[in-house]
Amino acid sequence: ATPERWMVLVTQRNADVGEPTAADLYRVGVVVRLQQVSRTPSGGARVLAEAVGRVRITRFLTAAGHLKASVLPAPFLIGALSAEDRARARQTLARFEEYVGLQRRIPAEVASLAQASASEERMACAIAAHLTVRHEVRQRLLESPTLVDLLQSLEELVTSVIDLLRLERKIDEDVRGSLYRN
């Protein structure tokens, strides 16, 4: 049996920095279990990883030209979810399903993945992972202190993106309509 391989993933503050230092990295990330690593023809690597939990970096160390980190678990603060919070989670999921339907680059199976989540936390993380937003926005979601805060941020974000996608679709239809009339 292959031993499990683990890694901590964090986001760079600026993607243009070729060799990031500790100051170039956010302090909240995720610990992942590496599922598959394969080489691409261009010499890069394709990595399939499963996020297992959120972590906070307490210290970066440089060893043999690589950054290593000391981490602490940073789970979302989760109490018992109220009926209102559970309703917000269902509403966020419904909005995400609509988002997937409007977003041409995301396969429909992604909505099914979020629906099949075993908990509201896994569902919220699945939704956050599949939104096409800037990395600063994704990082802000990751750093949400509580699950309720994450659900609220997701609901607001998905709603605003849906409004934008609807407007883009309407403009596309109007342009196509005017082309056909001319």
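**View 1. Helices α3 (120-129) and α5 (residues 147-181) pack at about 40 degrees, their axes 10 Å apart.** Helices are DSSP runs of H or I with at least four residues, strands are runs of E with at least two, and both are numbered from the N terminus. Axes are lines fitted to C-alpha atoms over the stretch in contact, with angles from 0 to 180 degrees between N-to-C directions. The model is predicted: local features need pLDDT of at least 70, side-chain atom pairs need 80 or more, and totals for chains, interfaces and linings use all residues. Residues count from 1 along each chain as its sequence is written, and side-chain values use heavy atoms, without hydrogens or water.

**View 2. Side chains where α3 meets α5.** From α3 come E120, E121, M123, A124, I127 and A128. From α5 come L147, L150, L151, L154 and V158. Contact means heavy atoms within 4.5 Å. The contact holds 9 nonpolar residues, 2 charged and no polar.

**View 3. The largest pocket, about 870 Å³.** A pocket is an open set of points on a 1 Å grid over the protein atoms alone, where a 1.4 Å probe fits, with protein on both sides within 12 Å along at least five of seven lines. Lining residues have an atom within 4 Å of a point. Volume is the space filled by probe spheres set on the points. The lining has 31 residues; V30, A51, C125, A129 and L142 lie nearest the centre. β2 (28-39), β3 (45-63), α3 and α4 (135-142) each give two or more.

**View 4. The second largest pocket, about 650 Å³.** Of its 20 lining residues, M7, V8, L25, H66 and L67 are closest to the centre. β3 gives the most, 5 residues.

Conventions
Nonpolar A, V, L, I, M, F, W, Y, C, P; charged D, E, K, R; others polar.
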